[in-house]
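Here is a short briefing for a first look at this structure. Keep the sequence and the 3D view at hand while you read.

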Amino acid sequence: MTERAVSLKATGLPRDGPLTVASGIGVNARVRGGISAMQTGPISGRTVGVASTLAVGGASLVYGAVLLIGLAARSSASDPIADPWLVAMEMLILFIAPCMTLVIWSIDARARSVPRGRGRLSVVFMAACATITFGVHLVLLSGPRAAAEAAFRWPSPFYLLDILAWDVFFALAVLLAAPLVRGGGLARLTRWLLVLSGLLALAGLIGVPTGDMNLRNIGILGYAVVFPAAALVLGLIFWRAGESPHLR
């Protein structure tokens, strides 16, 4: 009996099909498609996945609370959110946007037996979203606060860039990343939450031709509520990856 056969017999795994070693736990496992059958990989990769998803989920909860307070504090529905709520939201976005990129990168890095071009393109789109967002809010934070508040009164170049980042690039990133999360259970929940967040972000574009930015708030539900929920579930998947190479 060969050394490989002995190893397979000891682990109770079938002999046929591609095999790999789940680094860190020393378990051989059949490679199936998607994150539902991902391997634990290097501990640093698992750490990035867990840390980025928790960061997005936690910071987005704070962002959502500040957003609701800022919307309620407006004198009319057509007014933009004012300070101090606006500056708090901008600082949170500077933290959340790069973490979102790491979340999408983690999905691509963990996916197996799927077209890698799709995953890499999703990372590019999310990186574009984060870059534009980071640039816009960094400029607004460094300038006069009156100008920052006026920047989100439609129409304005800053508002247009913000819409491009979140309602276009973010939407494309999560819709491309969603099919990479394969399987049932938590994987299925994550996949559908990603799809829902992308569709809601695209729906926010309705506010542009109509000139009604309240309709754009539909998109905010996608990236400020649904996506963080998907990130938290995904974080649980990454966490469990340290215990078993096959997840549902």
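The points below go from the whole chain to one helix pair and then to the core.

This is a predicted model. The chain has nine helices and two strands. Of its 248 residues, 47% count as buried.

**Overall layout**
- From the N terminus, the elements run α-β-β-α-α-α-α-α-α-α-α.
- Take the contacts between residues at least 6 apart in sequence: 70% of them join residues at least 24 apart.

**Helices H6 and H7**
- H6 covers residues 157-177, and H7 covers residues 186-203.
- Their axes lie 8 Å apart, and the packing angle is about 160°.
- Angles over 145 degrees count as roughly antiparallel, so that is how H6 and H7 run relative to each other.
- The crossing of the two helices is left-handed.
- On the H6 side, the contact is made by Trp 166, Asp 167, Phe 170, Ala 171, Val 174 and Leu 175.
- H7 contributes residues including Leu 194, Val 195, Ser 197 and Gly 198.
- By type, the contact residues are 10 nonpolar, two polar and one charged.

**The largest nonpolar core**
- This core holds 60 residues, and Phe 170 and Phe 227 touch the most other members.
- Helices H2, H3, H4, H5, H6, H7 and H9 each supply at least two of its residues.
- H9 gives the most, with 12 residues.

**Phe 170 up close**
- Leaving aside residues up to four places away in sequence, Phe 170 touches Met 100, Met 126, Cys 129, Ala 165, Ser 197, Ala 201, Gly 222, Tyr 223 and Phe 227.
- Phe 170 also belongs to the H6 side of the contact with H7.

Definitions and conventions: Residues are numbered from 1 along each chain as its sequence is written. This is a predicted model: local features need pLDDT of at least 70, side-chain atom pairs count only at pLDDT 80 or more; totals for chains, interfaces and linings use all residues. Side-chain values use heavy atoms; hydrogens and water are left out. Axes are lines fitted to C-alpha atoms, for helices over the stretch in contact, and angles run from 0 to 180 degrees between N-to-C directions. Helices (H or I, at least four residues) and strands (E, at least two) are DSSP runs, numbered from the N terminus. Angles under 35 degrees count as roughly parallel, over 145 as roughly antiparallel, 65 to 115 as roughly perpendicular and the rest as oblique. A crossing is left-handed if the near helix is turned anticlockwise from the far one by less than a right angle, and right-handed if clockwise. Contact means heavy atoms within 4.5 Å. Ala, Val, Leu, Ile, Met, Phe, Trp, Tyr, Cys and Pro count as nonpolar, Asp, Glu, Lys and Arg as charged, and the others, Gly among them, as polar. A nonpolar core is a set of buried Ala, Val, Leu, Ile, Met, Phe, Trp, Tyr and Cys residues joined through side-chain atoms within 4.5 Å. Buried means under 20% relative accessible area, exposed over 50%, partly exposed in between (1.4 Å probe, protein chains only).
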